[in-house]
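My notes are below, in the order I looked things up.

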4 protein chains.
Amino acid sequence: MSAFEIRDPSSIGVAFLGVGRIGRTHLQTLAGIGAARIVVVADLDPAEAERGREIGRAERSTSDAVDAITDPKVDAVIIVTPTSTHATLIEAALRAGKAIWSEKPIALDLDETARVVALWRETGLPVQMGFMRRFDPGYVRARRLIESGELGRIEQFRAYSRDTYMPDAKFIRDSGGSFLDMSVHDFDLARFLVGEVEEVSAWGANIVDPRFEAGGDVDTAVTMLRFRNGALGVVEMSRHSEWGYDIRTEVAGSLGKVVIEADRKTPLTWSRRFGFEADHHENFPDRFEVAYRAEFEAFFRTLADGGTPTPGPEDALETLRLALAAKQSWQERRPVRVDEVTAEVPT
Amino acid sequence: MSAFEIRDPSSIGVAFLGVGRIGRTHLQTLAGIGAARIVVVADLDPAEAERGREIGRAERSTSDAVDAITDPKVDAVIIVTPTSTHATLIEAALRAGKAIWSEKPIALDLDETARVVALWRETGLPVQMGFMRRFDPGYVRARRLIESGELGRIEQFRAYSRDTYMPDAKFIRDSGGSFLDMSVHDFDLARFLVGEVEEVSAWGANIVDPRFEAGGDVDTAVTMLRFRNGALGVVEMSRHSEWGYDIRTEVAGSLGKVVIEADRKTPLTWSRRFGFEADHHENFPDRFEVAYRAEFEAFFRTLADGGTPTPGPEDALETLRLALAAKQSWQERRPVRVDEVTAEVPT
Amino acid sequence: MSAFEIRDPSSIGVAFLGVGRIGRTHLQTLAGIGAARIVVVADLDPAEAERGREIGRAERSTSDAVDAITDPKVDAVIIVTPTSTHATLIEAALRAGKAIWSEKPIALDLDETARVVALWRETGLPVQMGFMRRFDPGYVRARRLIESGELGRIEQFRAYSRDTYMPDAKFIRDSGGSFLDMSVHDFDLARFLVGEVEEVSAWGANIVDPRFEAGGDVDTAVTMLRFRNGALGVVEMSRHSEWGYDIRTEVAGSLGKVVIEADRKTPLTWSRRFGFEADHHENFPDRFEVAYRAEFEAFFRTLADGGTPTPGPEDALETLRLALAAKQSWQERRPVRVDEVTAEVPT
Amino acid sequence: MSAFEIRDPSSIGVAFLGVGRIGRTHLQTLAGIGAARIVVVADLDPAEAERGREIGRAERSTSDAVDAITDPKVDAVIIVTPTSTHATLIEAALRAGKAIWSEKPIALDLDETARVVALWRETGLPVQMGFMRRFDPGYVRARRLIESGELGRIEQFRAYSRDTYMPDAKFIRDSGGSFLDMSVHDFDLARFLVGEVEEVSAWGANIVDPRFEAGGDVDTAVTMLRFRNGALGVVEMSRHSEWGYDIRTEVAGSLGKVVIEADRKTPLTWSRRFGFEADHHENFPDRFEVAYRAEFEAFFRTLADGGTPTPGPEDALETLRLALAAKQSWQERRPVRVDEVTAEVPT
């Protein structure tokens, strides 16, 4: 490991990069974490950077990410910039000897991701990737039950996801497509809860919004998974949910089953003529409010303790490989073994 | 005990008295019970009696209840006539040496009830009273958990009941009032699940429908219970529920709690804009469909086995006493000890 | 249509064939249906036939199915015999001019099924196949919501099924395999709720019990469906569920989603140290008790009304075709278009 | 109204008084609220004060509450000290011209409370009392539905509360008893959701822990409420819950009913042999985590907007009056009209 050392575990200096919508949420969350002291907030747009500085009660703002990363008061860099910049900024932060928390993915390209992973291995610096679901109390408890053997041998995995709001055309073009942008969360859960996947077979459809087809993407998909341990799985996806953010995950084994689902947002039921209703979460920020906080708390606690954060770059690499295999299966209309995906895949 | 003996336990001859709405439901249910063979159906209205004969596939119909009771092919009499006739018909059947299943109550008057109980004790004949909730799988399981000690010492009881449809004016007048007609089911559950009650204190209100006040009754009530074993309880009542039949029962102890509630009728949830809904039961016949069948099955099985059916006349007596105490507490605006109710109470 | 006519709609004469475990349940259910009068019960084993006669309060029993079918008092034949005899008995009943209710499938072989369907078309007799889920209140309501347009355009279908108890070795050998014996219920629901399927792709695994692999079958499977209307679907299957009978069905559209699931059997929750529990159904007979009754009621009501029962032989044919396509996809490791399955498929 | 004005609404200076267990939680919550800048943390124990300063990232700590209150940088005082000091500290802060957020109650004594309310009226300063349930999303939505008329005329109210952990002997002695310390939350909800109460009748029991009886208190209680608008209500209480923090609130009206209950903590169900389980909240801090944040956010937003915070001292006064009436009813074994409680009541 590297010589990385936190100077003051009770006041870890942070450079925060990227003040978009989710960035502002993260800044607010960080403001409530005692050990994090935001030194500098960076955004290409100086006004956004300044707004971020206020939310995060940071010392200063800048439009220059490298300036922020290399600030000597900075121990850890938090990267919430557009996906296309992740690899470059992670590399810069690694070269500057900083700890890193970055939104997933490292990159949409396997080669580029592998290059970053190689550099990370060299430096041995603490890097945590933003798969926030791994910190949701439901998934945490599911993993614990599985690891403790309570479910017996795992036989089936299922993840269902529908997003409330559809992305705009630019996002559709740049996101890597529905398998890499959306199902990737479920692929990561599959790996987190059941283990590595050997083979996938995916089907897609365009029945929701013509913009996806126009962008060479699908708006609806289903992917079968065959895990190395013999279990079967399925990941279902739709880009639109009229009724709100809708995700459900199930893991069944020889002794038991767990279902993770937050179908009710407010602790209230309302009875009316011959029925009752409860409300759904509107979108992922309200569904995963607790998880966002928990993942940052885990990151800073791990830094303070000198441990290795998880999930790390290798998880980003393997989850990307799985998503690329699913995409390839859809494109080539055939089952794809995950280990076929060893280099740049056609897009 | 009497010399009562079933001739053919696989084909018990039945006289069925009273073909009203609930009577027809019971006839249909009985038709599905193998050991019950309906010999004769009686109703004051010969056309109703004949209709009942068809539903129950009985041998004959009659407008004379005594004719039906004394039919030599009849082993057991099932009484589903208006409340005011229960005591007379039970007495006639006891005198004819028949087994009896009767809708509750025996009577609305404690003296009359006590007289029937005395006759029943003399004859030793099998008599079961129609407190159907005691046969609902939820209450059955609750009782079993309580008896097995799983809940520890019982500390709290709560029953909540709202009826979907309000009775007509005649029924309001003849029913004995909301405490005797409606809360009586919850008072019986209190005794079934927790034990005997020492003292009650009841409040009533008229905020739903002026016909109740006009009939000297309340449409909304709450009754506090102090059980002999020290537990406290509460029974809440409303004569009207816009959202469907709504009952919920809770028993809490030092080690655990049970809640019996069938809030969802159809096993379906429907998600729509930012919420989901499920449906309530419309009324008691759909909520207790299973219980109605189970109580008849228990009755005929007990007859076949030569056992003593339960709940019997003494339960009807004690539950009536409890309901009368609550009514008296409301009327006299003071707590009433249940053992104060030893004779005719003022109405 | 044929000249089929019910003589007395209030007393339809029934020949009941096959007194196994489910047969006895059906006899009990029929005994509670007013319009059904069981004339004769047949079983190869005369003792079982006689036992069935008692349960169904039939006039007589016989060990000769043809004798029962041709009894002149018989209007309708109910077939609950082993699968391998269904086609022959349906044909015999059609030739005798009787109405028929038969457990699914007609046969495990597409050619044989098609032959029976052809004969049925010729005779025009009322025939209803025992896909009982179509009569479960949950699925009925789901279909109604879908047909009324409340869910908008249908986009996704999902069915999950795990059976509590594993079949014995003989059953595994004779049942046609997990796709034809178990997933067939979900394939039928897919057709019932969403419409015809164009293409399937199935994976199987053997991770539960080696007897399935020994019998040339799988114990775990997942099948992707592409519907003609563009929707995607998935059917998941396991032959064993430690936690009880576990089925869940979901249909999602552009405006809403329905979930059919009866996860709670008894209307009771039990709170203990930091948690609460509720109970699952043990097996399909308790989960579908209401549906079994409803499908018989629908059959006799349709006969009385002179209508055409549904689901009929063509549903059996199309659902079998779909199951065979899934089986073939698993065997040949490739997606299979349902219209490829036009003749005997390899087994 | 007073001349109170916030100097910088984006950075409101705070004096935080009282660093106990709940104090530390509040400090952490405040650290995540952008507009709050903790200037000084006070606690009688300087070490605790210093620990609070760290958590709250405050400028300084002190063991002198008055020093903190009168700090010129302080706009608002947050009082989380023992109940017996609330009145004195609120008065000191009012005299110093500061905005106040205080844990409830103002005092356990009606006269003392009335005196503080009188001073508050004179000063017109913004004061918010810590009835956090009013900020829970469930209660907020319930109130909105009630106010909008969706439930029609309100007919019934019910609140059920059981605390997980029992207080220690000193707390039992000083807390004012179960009605004032625990049921007071439900009395406040009754007022928040339904309106003012006219009359109460309460029963208590000692069946959980002898220390309550020894302290002149009850460990189990039930209180009937008659609201001024004619509705009936009931408040149930137990000091101990083996299965976790258990509160449930119901409001039923002529058109609908709402139930507020957070029975499931983690969004996970675990299926095992013939049943499934989910987990309860352990205690009020995890049940009301969101509400604690929301009440502080509302306080600072109201200060920034120049509005009048709610619930204010008058709510504390009226809710105390209601709790005292219930206590008196239990002590005197008779119904008590709430307006009887106009002065010091016997204890």
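Entry one, A against C. I kept in mind that this is a predicted model. I looked up the contact between chains A and C and found 27 residues from chain A and 27 residues from chain C. On the chain A side, I noted strand 7 (154-162), strand 8 (197-205), strand 9 (220-227) and strand 10 (232-238) as the elements giving two or more residues each. Sorted by class, that side of chain A holds 12 nonpolar, 7 polar and 8 charged residues.

Entry two, B against A. Here I got 15 residues from chain B and 15 residues from chain A. Strand 13 (268-272) and strand 14 (275-279) of chain B are the elements that put two or more residues into the chain B side. Strand 14 of chain B gives the largest share, 5 residues. By class I have 4 nonpolar, 4 polar and 7 charged on the chain B side.

I then checked the strands across this contact. Strand 14 (residues 275-279) of chain A and strand 14 of chain B run antiparallel, joined by 5 bridges. In that pairing, I see A:Phe276 opposite B:Ala278.

I looked at helix 1 (residues 21-31) and helix 12 (residues 289-305) of chain B, whose axes come within 10 Å and cross at roughly 60°. The two are therefore oblique to each other, and helix 1 of chain B passes helix 12 of chain B in a right-handed crossing.

How values were computed
Residues are numbered from 1 along each chain as its sequence is written. Chains are lettered from A and ligands numbered from 1 in the order in which they are written. This is a predicted model: local features need pLDDT of at least 70, side-chain atom pairs count only at pLDDT 80 or more; totals for chains, interfaces and linings use all residues. Two residues are in contact if their C-beta atoms, placed from the backbone, lie within 7 Å. Helices (H or I, at least four residues) and strands (E, at least two) are DSSP runs, numbered from the N terminus. Ala, Val, Leu, Ile, Met, Phe, Trp, Tyr, Cys and Pro count as nonpolar, Asp, Glu, Lys and Arg as charged, and the others, Gly among them, as polar. Axes are lines fitted to C-alpha atoms, for helices over the stretch in contact, and angles run from 0 to 180 degrees between N-to-C directions. Angles under 35 degrees count as roughly parallel, over 145 as roughly antiparallel, 65 to 115 as roughly perpendicular and the rest as oblique. A crossing is left-handed if the near helix is turned anticlockwise from the far one by less than a right angle, and right-handed if clockwise. Two strands pair if DSSP finds at least two bridges between them.
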